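Take a look at the structure, then read on for the details.

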Amino acid sequence: MKYILLPLTVVAAISAGAYAQETPPPATGDSAAMKSAMEAVKKSDFATAKVELQKVLAATPDNPDANSWMGFALLKDANPDPDAAAVYLDKANTKRPGVAT
């Protein structure tokens, strides 16, 4: 019985390591810039939100949360830019389907 468990343990360890390498880094939803962006969105200060989200996206361009919120901010801004918003929303949905719906 122990001869069966050892190979299974090795396979599980190798699989866990491969998964960890393929899994993208966690969203930077807890970064200072992301927190500032969310505070700005709550206040409908979309210009500030865009600046803060650009900081997040400069560090993690594939961050689905930041891309989704950037798309939202671009739509709700005093000068909406639906074309640019669509790019960010599409990227967010590509990285995490349903995040920008």
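## Ground rules

Helices (H or I, at least four residues) and strands (E, at least two) are DSSP runs, numbered from the N terminus. Residues are numbered from 1 along each chain as its sequence is written. This is a predicted model, in which local features need pLDDT of at least 70 and side-chain atom pairs count only at pLDDT 80 or more, while totals for chains, interfaces and linings use all residues; side-chain values use heavy atoms, with hydrogens and water left out.

## Overall picture

The protein chain has five helices and zero strands. Of its 101 residues, 28% count as buried (under 20% relative accessible area, with a 1.4 Å probe and protein chains only).

## Confidence

The predictor's confidence in each residue is the pLDDT, from 0 to 100. The protein chain averages 78, and 67% of the residues score at least 70. Where pLDDT is low, the predicted coordinates should not be read in detail.

## A closer look at E52

Where is E52 found? E52 sits in helix α3, which spans residues 46–59. E52 is buried, at a relative accessible area of 12%.

Leaving aside residues up to four places away in sequence, E52 touches A33, S36 and A37. The side chain of E52 also makes a polar contact with the side chain of K55, at 3.1 Å. A polar contact is a pair of N or O atoms within 3.5 Å; within protein, one must be able to donate a hydrogen and the other to accept it, and residues adjacent in sequence count only if both atoms are side-chain atoms.

Key:
Buried means under 20% relative accessible area, exposed over 50%, partly exposed in between (1.4 Å probe, protein chains only). Contact means heavy atoms within 4.5 Å.
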